[in-house]
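Thanks, everyone. Please have the structure open.

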Amino acid sequence: MKNVLLALDLSEYAQTIALHTAELAQRAEARLILFYAFTPASPTEDEASCPPNERCIQASLDNLAHRLHQQTRVSVTRLVKPGIPPAVIFEVANGVKADLVVICRNNCACTAAITVAPPLAVQINYKQVPVLTVATSADPLMIKAALAQHIHLPDCTASSRLDNL
């Protein structure tokens, strides 16, 4: 395992999943790649309804990456790209040669091949790369166990710093 791509939104839940993923990636000596796909705001939208801009998103990812590295010492890369999440996520996964893709986004309009079955993460294969889509109602510790299995860490609960989240 070399590269774990985590496609996330900026929700608190996604940040909790990011912490679990970072800890496991570090234990597997893998690099964690945080990825956020966004739809650029059109110039006619008013600021109140406008989604966060790229600079704001990048700053949030930078802060998250710093916290993840401080807590787990995992190598973290951040990517922000405009586009519709399902298509862009797999494009980026191919580009970074991801060994595992974790999708944790609210209201992710994923392709038909990707399903979310609360309260568990669902593993599928997309071009020979395991993909875990995480339901936002899923218990983070259940997600951590599923991640450990796919990162090839059978004992994910021993001496974990993150179990009290």
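The largest nonpolar core in this predicted model has 36 residues, and those with the most contacts inside it are Val-4, Leu-6, Leu-32, Leu-34 and Leu-68. By nonpolar core I mean a set of buried Ala, Val, Leu, Ile, Met, Phe, Trp, Tyr and Cys residues joined through side-chain atoms within 4.5 Å. Buried is under 20% relative accessible area, exposed is over 50%, and partly exposed is in between, with a 1.4 Å probe and protein chains only.

At least two residues of this core come from each of strand S1 (3–8), helix H1 (12–27), strand S2 (31–38), helix H2 (54–72), strand S3 (75–82), strand S4 (100–104) and helix H4 (140–150). H1 gives the largest share, 8 residues. Helices (H or I, at least four residues) and strands (E, at least two) are DSSP runs, numbered from the N terminus. Apart from this core lies another one, of 16 residues, including Ala-7, Ile-33, Phe-35 and Ile-103. As background, nonpolar side chains tend to be buried together in soluble globular proteins.

Some bookkeeping. Residues are numbered from 1 along each chain as its sequence is written, and side-chain values use heavy atoms, with hydrogens and water left out. As this is a predicted model, local features need pLDDT of at least 70 and side-chain atom pairs count only at pLDDT 80 or more, while totals for chains, interfaces and linings use all residues.

Now the overall layout. The chain has 4 helices and 6 strands, and from the N terminus on the elements run β-α-β-α-β-α-β-β-β-α. Of the 165 residues in the chain, 47% are buried. Among contacts (heavy atoms within 4.5 Å) with a separation of 6 or more, 69% are between residues 24 or more positions apart.

What is Leu-68 in contact with, leaving aside its neighbours within four places in sequence? The list is Ala-18, Leu-19, Ala-22, Leu-32, Leu-34, Arg-73, Val-74 and Val-76.

That leads to the helix pairs. Two packed helices are described by the angle between their axes and the distance between the axes. Here axes are lines fitted to C-alpha atoms, for helices over the stretch in contact, and angles run from 0 to 180 degrees between N-to-C directions.

First pair: the axes of H1 and H2 come within 10 Å and cross at roughly 45°. That makes H1 oblique to H2; angles under 35 degrees count as roughly parallel, over 145 as roughly antiparallel, 65 to 115 as roughly perpendicular, and the rest as oblique. H1 passes H2 in a right-handed crossing. A crossing is right-handed if the near helix is turned clockwise from the far one by less than a right angle, and left-handed if anticlockwise. From H1 the contact uses Gln-15, Ala-18, Leu-19, Ala-22, Glu-23 and Gln-26, and from H2 it uses Leu-64, Arg-67, Leu-68, Gln-71 and Thr-72. By class, that is 5 nonpolar, 4 polar and 2 charged residues. Ala, Val, Leu, Ile, Met, Phe, Trp, Tyr, Cys and Pro count as nonpolar, Asp, Glu, Lys and Arg as charged, and the others, Gly among them, as polar.

H1 contributes Tyr-13, Thr-16, Ile-17, His-20, Thr-21, Glu-23 and Leu-24, and H4 contributes Pro-140, Leu-141, Ile-143, Lys-144, Leu-147 and Ala-148. These residues divide into 8 nonpolar, 3 polar and 2 charged. The buried residues of H4 include Ile-143, Lys-144 and Leu-147.

Next, the loop between helix H3 (85–95) and S4, where Val-96 is found. Is Val-96 buried or exposed? Val-96 is buried, at 19% relative accessible area. Leaving aside neighbours within four places in sequence, Val-96 is in contact with Asn-3, Arg-31, Ile-33 and Leu-79. Its C-alpha atom is separated by 9.2 Å from that of Val-4, 92 residues apart along the chain.

Lys-97 is in that loop between H3 and S4 too, but Lys-97 is exposed, with a relative accessible area of 64%. Phi of Lys-97 is positive, near 55°, in a residue other than glycine. Most residues other than glycine have a negative phi. Glu-29, not a glycine either, has a positive phi of about 60°. Glu-29 sits in the loop between H1 and S2 and counts as exposed at 72% relative accessibility.
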